[in-house]
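The following note sets out numbered points for a colleague who is reading the sequence beside the model.

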Protein chains: 4
Amino acid sequence: MTEFTSTDLDGEADAFRDECGVFGIFGKADASAVVTLGLHALQHRGQEAAGIVSYDGSQFSVERHVGLIGDTFTKPSVLARLPGSRAIGHTRYSTTGGEGLRNVQPFFAEFAGGGFAISHNGNITNALTKQRELQKRGAIFSSTSDTETLLHLIAMSERELFIDKFIDAVTQLEGAFSLVGLSGKKMIGARDPLGIRPLVLGDLDGAYILASETCALDIIGAHYVRDLKPGEVLVITNEGLRSYFPWGELKPRFCIFEYVYFARPDSNLEGRNVYETRKMIGEQLARESPVDADMVVPVPDSGTPAAIGFAQQAGLPFDLGIIRNHYVGRTFIQPTASIRHMGVKLKHNANRKAIEGKRVVLVDDSIVRGTTSQKIVQMVRDAGAAEVHMRIASPPTAASCFYGVDTPETSKLLASRMSIEDMRDYIKVDSLAFLSIDGLYRAVSEPGRDNACPQFCDACFTGDYPTALTDRDGTETTRTLSLLAKHG
Amino acid sequence: MTEFTSTDLDGEADAFRDECGVFGIFGKADASAVVTLGLHALQHRGQEAAGIVSYDGSQFSVERHVGLIGDTFTKPSVLARLPGSRAIGHTRYSTTGGEGLRNVQPFFAEFAGGGFAISHNGNITNALTKQRELQKRGAIFSSTSDTETLLHLIAMSERELFIDKFIDAVTQLEGAFSLVGLSGKKMIGARDPLGIRPLVLGDLDGAYILASETCALDIIGAHYVRDLKPGEVLVITNEGLRSYFPWGELKPRFCIFEYVYFARPDSNLEGRNVYETRKMIGEQLARESPVDADMVVPVPDSGTPAAIGFAQQAGLPFDLGIIRNHYVGRTFIQPTASIRHMGVKLKHNANRKAIEGKRVVLVDDSIVRGTTSQKIVQMVRDAGAAEVHMRIASPPTAASCFYGVDTPETSKLLASRMSIEDMRDYIKVDSLAFLSIDGLYRAVSEPGRDNACPQFCDACFTGDYPTALTDRDGTETTRTLSLLAKHG
Amino acid sequence: MTEFTSTDLDGEADAFRDECGVFGIFGKADASAVVTLGLHALQHRGQEAAGIVSYDGSQFSVERHVGLIGDTFTKPSVLARLPGSRAIGHTRYSTTGGEGLRNVQPFFAEFAGGGFAISHNGNITNALTKQRELQKRGAIFSSTSDTETLLHLIAMSERELFIDKFIDAVTQLEGAFSLVGLSGKKMIGARDPLGIRPLVLGDLDGAYILASETCALDIIGAHYVRDLKPGEVLVITNEGLRSYFPWGELKPRFCIFEYVYFARPDSNLEGRNVYETRKMIGEQLARESPVDADMVVPVPDSGTPAAIGFAQQAGLPFDLGIIRNHYVGRTFIQPTASIRHMGVKLKHNANRKAIEGKRVVLVDDSIVRGTTSQKIVQMVRDAGAAEVHMRIASPPTAASCFYGVDTPETSKLLASRMSIEDMRDYIKVDSLAFLSIDGLYRAVSEPGRDNACPQFCDACFTGDYPTALTDRDGTETTRTLSLLAKHG
Amino acid sequence: MTEFTSTDLDGEADAFRDECGVFGIFGKADASAVVTLGLHALQHRGQEAAGIVSYDGSQFSVERHVGLIGDTFTKPSVLARLPGSRAIGHTRYSTTGGEGLRNVQPFFAEFAGGGFAISHNGNITNALTKQRELQKRGAIFSSTSDTETLLHLIAMSERELFIDKFIDAVTQLEGAFSLVGLSGKKMIGARDPLGIRPLVLGDLDGAYILASETCALDIIGAHYVRDLKPGEVLVITNEGLRSYFPWGELKPRFCIFEYVYFARPDSNLEGRNVYETRKMIGEQLARESPVDADMVVPVPDSGTPAAIGFAQQAGLPFDLGIIRNHYVGRTFIQPTASIRHMGVKLKHNANRKAIEGKRVVLVDDSIVRGTTSQKIVQMVRDAGAAEVHMRIASPPTAASCFYGVDTPETSKLLASRMSIEDMRDYIKVDSLAFLSIDGLYRAVSEPGRDNACPQFCDACFTGDYPTALTDRDGTETTRTLSLLAKHG
């Protein structure tokens, strides 16, 4: 899969959009500056907008901005408005909820007992159903985000202690959630009972950190402590750590696609290094579907590690036959019709001199709608490749994700409506092969998929969803809000 | 009183700041453009920010902007985002609640039964007490405005019908409120039981209008129908008008200061024309406190009508001895210390040639902290006036307003800590006189103040507050929010 | 005349637009803050944009902004970028030249001998002809302003000393110019040989000031020294003042319209107070064209002083029968067709209660295209006036101004194509009278117009232009630039 | 060399900053949209700002914006203001001249004969000397850019025809220049007599294109025609092409550093493919300075092609041991002191799992100040590398560039003040080797450097400057402008 940014030339995304990144630190001077750095390292998990809430011992402060961290939160005036030694942040690509700053996290609520802020990576699959119940009890929602549902569940909980209210609320949720919360006295980390989304604990000179990935620890030189356990609610106070397991013990179902595409190559998740895993995927792919060719060319940048693994395993030269332009802004040109037909190459260009007359193996991470693959292949053929063989570093993605990843609806997924042979015709390659589902499991060091009790969430490949999908299955199929748009 | 805009040179306001203006129209194409014009006519009631909510039959749209209506809402792109034939708006000078766009009205809430928007002029004196109760029941507030309290009271009401919920909610409120609300089927106007703030009903080609003042009807050529009655809840639907009087019948206490200063001279409120009333005030003042002088000079612009009345009654020439610069922006220079000491005249300049050697009667509407009067008098003396006599077109303002007007705390009001003779010394005039309280009542065609049962709210002159002041009297003396500041 | 701001509802201005204001100070700490105040007092001479150049003894700094002084130059960050004890400024309504920041003055040029900045009020009537000559000699123009022509004339002068170059340049100019220049060692003031536009010299604690009007001295408490003489080039250095009269001695022709409309009422120009002059104009008008009526109503604000004079002379009551809304922003609504037909009253509203059933004398300063007068009269009639009589405080304006005032072309001027009787019909009043040209001269204390050798420039009334109009009379009738638009 | 964006943590750049890119098209509908795409492909040559001038047959239009092409010029409103079928553009990192939009190209001048716009890549080494001469003749400069000098030389040329004026002007210039100009009838391309900077001719459906690199042809599917010759002035009109060689025939001295670092890998310059050349550089480096190690790790992205070549030649695995974060914005955090000491890794992170315990060969393109290399090496050591060997894909850069590249002054260049052995100590590697100068020439398929008559400009390595450096050698050592700063 090639991660086009927000606007493709056809106006539709041909990618699984990145989801969200969360980060928090408890007990470090200039906490919001540290959060800014952590979010910068997590920028690949959401480029649209970001927010930070800090607490200085008596008051909370909030800043939210549309745009890259490095363009918004690094201004001294912004950081100066975020004082305190505790802070949490969030970077997002919008998943549910309409556009607009009011859906940018962290969310903040003033409870009877004080303020509370929360950042969420994932998606709650019964949020709408719960929202309807809450509204009937008199709750007023100020956003269209599933995360606000959690705040209202806390506010309306009849338990006494705040941590009990929090647990009362999260245990009513279905779906995927890795949460970082901040109250006047606590920082709280929580993962859904299957641990679908990642969340790690780190330590910087005695200050605890919660982050989506380990690369956000590395940027500030923090030490990795451990991954939070599935179903763990971890409370951090001045007194130290305390864990709750309100769901008891459950077998984990971590998202396997984090290894394929979402996570940064230098992160380690659940004990595995992402770059090494991707190389192993490439090696496995070369073993499963070898090809007689002259060179291995990655579709940059996401296909690169698997391409290196493929080339090493296959004994073929690895070469940069496609050059990527990294300067693509948030939205690119809406060209006139005459220019659209020119077949503009905004993001990738084939390097003709490198591939002319060669038999090329293209390695990409996945195929979503297939339109990008078509263009890439055409571009490589136009540059004179003698043969083009496509190798995909994952199984066919045939089902939508409901756990915090923005996927096209299932019917738009190429693999949901075509056989591999038809897909080969569609993208016009000499051969096409995907990694097998068991091959993928082997690349993450499992013997294969345990179909009775799968080790990972692989719903996008198998359609086997590990949680209830109440909103989707119920009558509340769409979010029917009265408010069309809210600006300012 | 001289209405300085937001930042005086001393950084403190020496004025009763204007409050808020509300406007709504039900059943006219391009309703939001009509609201924009209505708010422009009400701009004197609040220059800081404005908002409009429109409804197009299926969805609500919201726009809120800081700045003057004519600079923000008149852009075609803004109006295009506000479709529909029903819309309400609000223009504000912030009264309660912190700064920031999230306190800009109209407020919008998504109830279980649909969307609802509301604009409020006035101030609810038990808002904080009610907010605490609501938070304990699980309500989450997203602003610091007293108006949001009303929305939560509606949401949590256990009545069945929406209009019953609305009445249940407003009857729990204390203080002053003129409200305009918009739901999917109704536009609602409501005045507090004493009718402290104004609200009029108009008609434009069959579309009903609610507005704070009649000048907002004139700008669009709408017809005045009537003032809403104190304690009236007026429901406008496609079927027509229906009124409710949930408080029964109460004697009104309309704000008499609307005549003195707030309202526009061309408006008619409760049957009286503001300009004519101000002229009568000036005439009454000339009868009560005549002076042997050469000319009558208004402190422009608010003192002008009374000065005309004074001059005509006294048989003295009326002359523009002080020229006002209308180009004062939202915030003016923070000059360096050296320049501050120059005694800069940003807003008024004495016209030396007109007043040199003359005995001048200065007519102003009120004295708040006295600092502006000092400067004006000094300026007139520096320009060579032989004598300076100050005549104030209202009684001394000795008490704060809690009904939607931003006043300095009582101790900052000059009249609360000085006798008239001391005030004369303080502002350095040859004579000083205020209108008597009975004289003020006579200028509005009453025989005098009925002390047993006063005809108006005149608390700023008398300290006689006509409603409970629960928040002030209770323990909730300050609004102790956890959230310091919220940007974006 | 009623001064509508930039966009009338019909998209065309019905006013003589204000021209430009200039201000400079030499030898005062924080000079740019002083200039900011001076320009604020001159804001009525140009509301579109402003600029300041300061000099700190070694370097010049420039800031130019679109908008009101009070909204742009008062920011501490802006003033901090304008260090030094010498500074000049300019406020403008664009007269010649396209829109855009690059035409905002002061202009700055780097000469071989150092930097030089200049501000200009007026219009050079041979600028285009000179520009063509200069371009043929290799000059490159970076703006479309006539003022840049002067800079190139200085740069290409073959004289040795800078002051000689400056005089060489200005003596090649035709038209109207009041200039304030700033070099590394000097501040220079210069008026065209007829002294068409005003320029006064002031003194603030030993620092010399040049300003368009005396109101800009008053705001900072500076002393008025004298008006510059027509044809005077005044050089201010650390050594003091030195005057040059390169054109010898010429009879002055000061713009009489400055008294009628442009200047601020509290300014004194060429020894006359503007407010007193306008009152005398009103008195003269009452003597020339009396009317049997109940009240005198000014068209605010520009008609007010004449209306006061008219009322006092006629013994009629003066009343605010029309209320003006001062909150009109830079551009107002482009209403939809349906709303346009509502006859929206953005800027003025008749006060029905005050004028109903009355015979009203409306006093305005001038009539330009007549459309505004039509609307005002209609509005007053709609409010129930029994009779409407219009009295204009100047003679009919039948000819365009080429000396720095933005007038419609002659054919658009109502007085150029209609008799007074036809104009009366057109604006639909019961009677209409203008001040006579001799009456106008009498109001400025002359016995009448000396037709052989007129004492003022009155070309807009008489068509008698006191200078050559080379660009207009030559073949260079239009400015044929290659550059359509330049943004950024 | 690692190309940090504008602000390093130490506030100083440790890179040769990219220079400028130029692009023009003559005779294609929506020319400015095509230029926008061309500039996007050339974004690596300048990320600070860009400009486009278009011509629609009668008028020129100009737009200039700070920021990336994809964020600024792709807005429909911007392109709509650039009509016409001919347009030229420029993308820049500021080389000479102060900051601010007025130095953003293309420059436009209104000559006596019409308008002319010009874009320039390179640097004119006698610009200041010429500017002084021109100012003495009366020229007024409106920017601090060397390119404006050319416009004035054209304007003041005494030749008759425009093309003769142009040639008269360019032949007075020294230094490096690849120019694209646009007049009412012509598009002109010109290269300095040594052809130091690149410029290629392309063709899109019959419309001629001039561009800095071939990658700007590829993005729109245009055909490469040829590189312009050194000293060629190519005139494109409706009649076709015409070339002038005003300097006669000279041996070229193309910038060899374009191959090492500046150009995009997929471009072909002077007949060589950049990616292939870099791979050959890596191979040559492996032959010259082999090392016994476990893996080859590129410093991404600029070191990657040479690292691939090195790995293939050396028979070592190529691995991504350092991960780059591409989301670094224009300016990043100015952290507090406490955070600065954390050793923040904004742009690169070592992938510990990949390199722990390994003997690593790091391949980078160059070393400038050495501070970045220090940090990278330290980061790799901290990640557990057993040995770190640095291989640099170019000779030591010991001299500043005066031909359009922003280099630190010579004394800041590490190679100018240290031996290779000292550099090895300084950056703390186990071994350090640079490519030899003859090795570099061999990688571009020359037998070696012809010291008598070098085939390339390699001044940054050898200090052998191929043109006069008049400004530097003369008394005009610094640009002493009077104007400190010019905003707006």
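1. Phe108(A) stands opposite Ala117(A), a residue of E6(A). The strands E5(A) and E6(A) pair in the antiparallel sense over five bridges; two strands are said to pair if DSSP finds at least two bridges between them. Helices (H or I, at least four residues) and strands (E, at least two) are DSSP runs, numbered from the N terminus.

2. The model is a predicted one, in which local features need pLDDT of at least 70 and side-chain atom pairs count only at pLDDT 80 or more, while totals for chains, interfaces and linings use all residues. Residues are numbered from 1 along each chain as its sequence is written, and chains are lettered from A and ligands numbered from 1 in the order in which they are written.

3. In chain A, six strands form an open sheet with antiparallel pairing, in the order E5-E6-E7-E8-E12-E13. Its edges are strand E5 (107-111) and strand E13 (240-244) of chain A, each of which pairs on one side only. Strands of a sheet pair through backbone hydrogen bonds, either parallel or antiparallel.

4. The domain assignment, which is automatic or taken from a database, divides chain A into domain 1 (20-252) and domain 2 (273-448). The C-alpha centres of these two domains of chain A lie 34 Å apart. In domain 1 of chain A, 11 residues are in contact with four residues of domain 2 of chain A, contact meaning that C-beta atoms, placed from the backbone, lie within 7 Å.

5. On the side of domain 1 of chain A that touches domain 2 of chain A, strand E6 (114-124) and strand E7 (175-183) of chain A each supply at least two residues. The largest share of that side, three residues, comes from E6(A).

6. Where does UniProt place the feature "active site"? The unreviewed entry puts this feature at Cys20(A); UniProt positions are given in the numbering used here, feature names are shortened, and annotations may be inferred rather than shown by experiment. Cys20(A) lies in strand E1 (residues 20-26) of chain A.

7. Is Cys20(A) buried or exposed? Cys20(A) is buried because 27 other C-beta atoms lie within 10 Å (buried: 20 or more other C-beta atoms within 10 Å of its own; exposed: 12 or fewer; partly exposed: in between; C-beta atoms are placed from the backbone). Not counting residues up to four places away in sequence, the residues that Cys20(A) touches include His90(A), His120(A) and Gly404(A).

Note on methods
Two residues are in contact if their C-beta atoms, placed from the backbone, lie within 7 Å.
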